[in-house]
Amino acid sequence: VQKKSNAAKVMDAWLEHPNFWVRRSAMLHQLGLRLDTDATRLFGYAQKLADEKEIFIRKAIGWALRDYARWNPQAVTDFLVQHRTNLSGLTVREAAKHLKV
């Protein structure tokens, strides 16, 4: 648990980093965690980065959401419906690739 806590603190710091590649890494760090994904952090990061103009960030948000949707499709669908106007079209397309949104 200590290791996760430290990783979460580092990722929270990375989310504020001036380099977009570092912010992108923070968004993608939970890929593959399946049901161990910290959904609150995932959705919070997606909201925090939603205004980014950088295509690699927009795509990363979509990838992270799509990955989690394999394990919790309803949560991702609900998030997309609720925040669709704040997310880029690219993000929504990537996230909803296998969902009925």
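The model is a predicted one. Helices α2 and α3 pack with their axes 9 Å apart, and a search of the whole structure finds 5 aromatic pairs.

**Packing of helices α2 and α3**

- Helix α2 covers residues 20–28, helix α3 covers residues 39–49, and the angle between them is about 150 degrees.
- Because angles over 145 degrees count as roughly antiparallel, α2 is roughly antiparallel to α3.
- On the α2 side the contact involves Arg23, Ala26 and Met27, which meet Leu42, Tyr45, Ala46 and Leu49 of α3.
- By class, this contact of α2 with α3 holds 6 nonpolar residues, 1 charged residue and no polar ones.

**The pair Trp21 and Phe56**

- The ring centres of Trp21 and Phe56 are 5.0 Å apart and their planes stand at 35 degrees, so this pair is tilted.
- Trp21 belongs to helix α2 and Phe56 to helix α4 (residues 55–69); the pair links distant parts of the chain, 35 residues apart.
- Trp21 is partly exposed, with a relative accessible area of 41%, and Phe56 is also partly exposed, at 38%.
- Ring pairs join Trp21 and Phe56 with Phe20 in a cluster.

**The pair Phe43 and Tyr68**

- Phe43 and Tyr68 form an edge-to-face pair, with 6.1 Å from centre to centre and 70 degrees between the planes.
- Phe43 lies in helix α3 and Tyr68 in helix α4, so the pair ties together parts 25 residues apart in sequence.
- Both Phe43 and Tyr68 are buried.

Technical notes. Residues are numbered from 1 along each chain as its sequence is written. This is a predicted model: local features need pLDDT of at least 70, side-chain atom pairs count only at pLDDT 80 or more; totals for chains, interfaces and linings use all residues. Side-chain values use heavy atoms; hydrogens and water are left out. Axes are lines fitted to C-alpha atoms, for helices over the stretch in contact, and angles run from 0 to 180 degrees between N-to-C directions. Helices (H or I, at least four residues) and strands (E, at least two) are DSSP runs, numbered from the N terminus. Angles under 35 degrees count as roughly parallel, over 145 as roughly antiparallel, 65 to 115 as roughly perpendicular and the rest as oblique. Contact means heavy atoms within 4.5 Å. Ala, Val, Leu, Ile, Met, Phe, Trp, Tyr, Cys and Pro count as nonpolar, Asp, Glu, Lys and Arg as charged, and the others, Gly among them, as polar. Rings of Phe, Tyr and Trp (its six-membered ring) pair if their centres lie within 6.5 Å; planes under 30 degrees apart count as stacked, over 60 as edge-to-face and the rest as tilted. Buried means under 20% relative accessible area, exposed over 50%, partly exposed in between (1.4 Å probe, protein chains only).
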